[in-house]
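Hi there,

Here is the structure I promised to pass on. Have a look at it first, and then read my notes below.

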Amino acid sequence: MSTAPTAASATSRTKDVLEDLEQVLLAFMRKHRITHEQYRFATQFLVDTVKQGEESLLYDVFFEAESTDIGNRTRTGSPEAIEGPFYLAGAPELQEPYVMPMRDGERGDVLFFVGKVRDVEGKPLAGAELDLWHADADGLYSNIHPNIPLWNLRARFKTDSNGNFEVRTIVPPPYEIPKDGPTGQVLKTMGRHFFRPAHLHVKVRHSELAEMTSQIYFLGGQYLDNDVANAVRDGLVATLECHDDESDMKSRGLGRPYYTVEYEFVLAPAH
Ligand code: MBD
Ligand code: FE
């Protein structure tokens with residue numbers, strides 16, 4: 001986490017930003033001749049998004065990617081990506097061999113997410129923590145959507161002494177954001193679809209370096225070029241490799257094809 005700015009500089013930047021926001025929104029209202037009735041509709045709409053549990057979803061879909069782009073422009077290390085509305089701190093810590101918490105017979109193709117964590121000088125980082133969360137085969141997130149066991153497909157695990165990690169999970173499908181709430185209503189009105197490409201969310205931490213939030217997408221996947229949250233970036237797309245060779249499957253103790261995806265996270269220095 002960044003060190004806190006001094007009280008004086010924070011105050012003046014916050015003041016500048018708030019004044020600019022005020023001016024931008026007032027100009028917007030004049031441009032579109034927003035009436036009192038429309039103004040009340042808008043304020044009530046924002047209240048409704050909170051009441052229906054979409055307080056973060058609405059903004060994350062439209063605006064979060066811009067903030068990660070701005071951060072990535074001045075950042076070293078591998079790119080960050082949007083966190084989205086469904087991260088929860090305190091996921092279970094796994095013991096090796098790492099397998100994500102899942103139900104017996106969890107649907108979806110088996111996926112081994114493998115990779116490395118290093119610093120900007122290329123030094124592998126042992127004991128870095130990965131905090132992984134993603135949707136199940138129905139595109140649903142545990143602890144958010146009903147009827148899924150607590151912490152399903154959410155967990156933390158560490159890199160080994162060479163900075164490498166491997167975790168077994170399932171391949172998530174493209175994710176359809178809730179259509180029936182206020183965010184869906186906005187998207188419908190704008191004529192947009194509701195899908196995000198399939199993705200893994202991950203936070204990576206190491207005691208001496210800056211924490212990062214990223215997301216891995218799969219090359220060739222649906223919705224990569226029209227993500228409803230417009231959050232796919234080149235450096236975040238990795239190859240999903242299918243292993244359907246009998247000997248490969250046997251070596252993994254599996255009777256069916258499985259997938260691997262590999263990614264290298266590079267942590268920037270602590271600010
Ligand atoms: C998600 O899983 C997500 O990543 C975003 C940005 C919005 C809704 C659900
Ligand atoms: Fe997501």
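Which helix gives the most to the lining of the largest pocket? H2 does, with seven residues. Helices here are DSSP runs of H or I with at least four residues, numbered from the N terminus.

Before the rest, some housekeeping: this is a predicted model, where local features need pLDDT of at least 70 and side-chain atom pairs count only at pLDDT 80 or more, while totals for chains, interfaces and linings use all residues. Residues are numbered from 1 along each chain as its sequence is written, chains are lettered from A and ligands numbered from 1 in the order in which they are written, and side-chain values use heavy atoms, with hydrogens and water left out.

Back to the pocket. At least two lining residues come from each of H1 (7-31), H2 (36-51), H3 (57-73) and H4 (182-189). There are 19 lining residues, and Phe28, Ala42, Thr43, Phe45 and Leu46 lie nearest the centre. (A pocket is an open set of points on a 1 Å grid over the protein atoms alone, with protein on both sides within 12 Å along at least five of seven lines; lining residues have an atom within 4 Å of a point.)

Now for ligand 1. Among the residues surrounding it are Leu57, Phe86 and Tyr141 (a heavy atom within 4 Å counts as near).

Enjoy exploring!

Methods
1 Å grid on protein atoms, 1.4 Å probe; cavity = no way out; pocket = protein on both sides within 12 Å on 5 of 7 lines; lining within 4 Å.
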